[in-house]
Structure formats: C-alpha cells, structure tokens
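Work through the exercises below with the model open in a viewer. Try each task before reading its solution.

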Amino acid sequence: MKKKVLSLLLAGAMVMSMLAGCGSTKQTDAGAGSAAADKGSDSKVEVGVVLPTKDEPRWLQDQSQFESILGDAGFTNQVLFSQGSSATEKTNVETLLNQGIKVLIICAQDGAAASAAVEEAKDAGVTVIAYDRLITGTDAVDYYVTFDSVAVGKAQGQYLVDNAGDKKDVPLYLYAGAATDNNAFLFFQGAWEVLQPKIADGTFVIANSSEAEAVKDKAELTREEEGKIIGQVSTDWDFNVAKSKAESNLTAANESMKGDVAVLAPNDGTSRSIADVFATDKDVTSYAITGQDTEKASVQYVLDGKQSMTVFKDTRKLAADSVDMAVSILKGETPKTDTTYDNDSKEVPAKQTDIQVVTKDNVKEALIDSGYYEASEFTGLE
Ligand code: BGC
C-alpha cells in the first residue's frame, strides 16, 4: 500500500509538471451537484469524480479515499454526488466538463441512464472510467474499475450455506439491489450459483419469491430470469424499501417459513434494516443475514451479533486504481487492465479487485490491523 501511494505521488507530481498552468489546489466540495469549490479560481480540474449518493455510508468511504488520494497526488479534484438522480448526475458531469476535466471517474446512479452523460463527456474528448458500477449500452465507457461483484454474491451465498450446515428446509429470504444497477445482477448471479444447489438438495426452501421458486431447478439463470426475481425482491438499495419488504414478507409467511431462517441481504444498509425486522418477529428464533461494504454501523452489528457477515471492499484500492488509471491516461499511456466486461455495446477493459469476507472472528485483522478503521470506533472488539 505504501509503495502504491508513493508511486502515485511521483506520478501525480510528473503529471502536474506536464500540465502547465493547472492549479494544484485541492478541491473537495462534496455538495450535491454543487461546483462551488472551483468558482472564482483560475485553477482547472483535471479529474472529476461523480458518486451516486451521500446518503449511504459506502460512498462516503469512497469520497474520503478520493479526496486523500487525488489530493496527495497533486491533482485539483472535485467529488460530486448525484443524490439518487440521473438528472443531477448529468448536471454534475456537465459542471465538470465546463471546468475542463480530462478524465471522468463516474459511479452511475442508473447504469443505462448514465449513457447520455458519458456520451457528452466523450464528445468533449474526456476519457471515461466507470467506477464500481458498469455503465451499459454505450461505447462511451473507456475503462471500468471494479470489485469482483460476482465473488461478493458467492461469498454471501456461501456464508448462508455454511451456516445452514446439515439442516433441512431452512426458510430462505432473498433480497436484491436496485434493478438499475448492473451490480445487483452480478451479486445475485454469484449468490444463486452457490445457493441453487442447496435449494435443489432440500437445505433451503425459498420463502418470499415466486419468481425464484419458478426457476429453482436452474443452475444458471438468464438475465431476464434474474430480472424477474430482482423485480420481486429488490430493495432499490433503499433502507426503507428493504424494511417494508421484510415486514410484508414476514406478515405473509406461515409458521413453516419462520424458526431458524437464512436471509440474503444485498448490502449493509439494507441488511441492518432487514435484520431489525427479523429480530423483532417472535416466531423467528434465529436468522443468518449477509451484507457487504463494511459500513461502520454494520461492523458494529456484526460485533453485536445482529448481522452475520459483511464483505470488505477496500475502497482505498479501488480509488487508487482509478487514480492510477487517470495518471496513465494523462501521460498518454494505456492503463493496465486485467479483464473485460461486456456492457452490451463493447467489451470494456477493466481492472478488478478481490474482496474479503468479514465476520466477528476477523474484524480486527481485516479492518483494524489493515488501518481501514480505528479500534476506538467500535465496542466489543477484543
Ligand atoms: C455497490 C455496493 C453498494 C450498492 C448500493 C453497489 O453498486 O457495489 O457496494 O452497497 O451499490 O449503493
């Protein structure tokens, strides 16, 4: 990690000396759609970052990594939030284009709707890096920097399988992310790959999705089949939607769908909402529930035994990979990639990062010893 930061610093310094006339003031305004940070200054923003929302702690982690990594590398930078709106996202991109960015790093609110914004960027000669979420149906995406999202889903499914052990007929509640997010499909695909054989052998019984029930014998689902299930069990990445879906699922469930249950929750925010609902149902004797993002509140839930696992997606690495890419692009080099993703229009060259499962047993090693969080931010750590 140290080595990487050092090489970024050097590369950043080189780029700054190449870009004559560009200011080096760190610009870190985080207001939704606000470009106030650069107003009144003659500095130029070389790299612009657009993130989906400040209302989920996940993206605040990414914001703080970008601010420190871009700033340390000597870039004038700006991180803008779209606050759940594709229209605001487009305005944010236009704001950054007006400021003269050369590289756009964008995590789309809606993977298909974002095509208009990135096509505009491309027309302005900007290199577009899709960050974490793939932008689909357009040629205007140059690169993709991502975690291994199928592996995230597999890890979630595997946790539930391991936890069920030799039990039979464990009620399985399925929840998914927003259908507008390609990642929701990748997470579900990974989870299904692991869970389906265990539905087929009688370990699990699907509790809340007739669409999943209809395809339960299929090891591999088409995108359309996944779409139908996601349409039924989507949380829209929204805590309140997750909560009310869990409540209505439990209200509709008969006694055989209670007892010791397994819950596939797609991320930490929705997991905490869903866990709170399951925890208060008197007929649910125990629940195993997944998550991802190692949000602080969920790390505490894991330590308190209220959420079973989360998945560590090291945003330091993802932000650093994107900035590395931006540095190469600004130097006129071809950035290093290690795989490709089909976005329905082209094979997008991608840089992919591994993920790590976090349970009560390895919180300290994964998150504290690695310097991601401070021990003092949690209680119950040994
Ligand atoms: C990200 C997750 C995040 C979710 C909701 C996904 O695209 O990969 O980390 O929890 O969006 O914001």
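Predicted model: local features only at pLDDT ≥ 70, side-chain atom pairs only at ≥ 80, totals over all residues.

Residues are numbered from 1 along each chain as its sequence is written, and side-chain values use heavy atoms, with hydrogens and water left out.

**Exercise 1. Describe the overall make-up.**

Step 1. Count the elements: there are 13 helices and 13 strands. Both are DSSP runs numbered from the N terminus (helices H or I, at least four residues; strands E, at least two).
Step 2. Take burial. Of the 382 residues, 57% are buried. Buried means under 20% relative accessible area, exposed over 50%, and partly exposed in between (1.4 Å probe, protein chains only).
Step 3. Take contacts, meaning heavy atoms within 4.5 Å. Among contacts with a separation of 6 or more, 71% join residues 24 or more positions apart.

**Exercise 2. Classify the ring pairs.**

Step 1. Apply the rule: rings of Phe, Tyr and Trp (its six-membered ring) pair if their centres lie within 6.5 Å; planes under 30 degrees apart are stacked, over 60 edge-to-face, the rest tilted. The structure has eight aromatic pairs.
Step 2. Phe66 is in helix H2 (residues 57-72) and Tyr131 in strand S4 (residues 127-131), 65 residues apart. Phe66 is buried at 0% relative accessible area. Tyr131 is also buried, at 0%.
Step 3. Phe187 belongs to helix H6 (residues 182-200) and Trp237 to the loop between helix H8 (223-233) and helix H9 (239-252), so the pair ties together parts 50 residues apart in sequence. Both Phe187 and Trp237 are buried.
Step 4. Look for a cluster. Ring pairs join Phe312, Tyr372, Tyr373 and Phe378 into one.

**Exercise 3. Find charges over rings.**

Step 1. Check Arg223. Its charged end sits over the ring of Phe185, 3.8 Å from the centre.
Step 2. Check Lys306. This residue lies over the face of Tyr301, 4.4 Å from the ring centre.

**Exercise 4. What does the side chain of Asn343 reach?**

Step 1. Locate Asn343: the loop between strand S11 (339-342) and strand S12 (347-353). Asn343 is buried, at 0% relative accessibility.
Step 2. List its backbone partners. The side chain reaches the backbone oxygen of Ile135 at 3.0 Å and the backbone nitrogen of Ser345 at 2.9 Å. Polar contacts are pairs of N or O atoms within 3.5 Å; within protein, one must be able to donate a hydrogen and the other to accept it, and residues adjacent in sequence count only if both atoms are side-chain atoms.

**Exercise 5. Which residues of H9 are buried?**

Step 1. Name the buried residues: Ala242, Ala246, Asn249 and Leu250.
Step 2. Look down the axis. The buried residues fall within an arc of 95°, so they line one face of H9. The arc is that of the directions from the helix axis to the C-beta atoms.
Step 3. Find what they pack against: strand S6 (170-174), helix H10 (268-279) and strand S9 (284-289).
Step 4. Turn to the face away from the buried side. This face carries the exposed residues Asn240, Thr251 and Ala252.

How values were computed: Lys NZ or Arg CZ within 6 Å of the ring centre and 35° of its normal.
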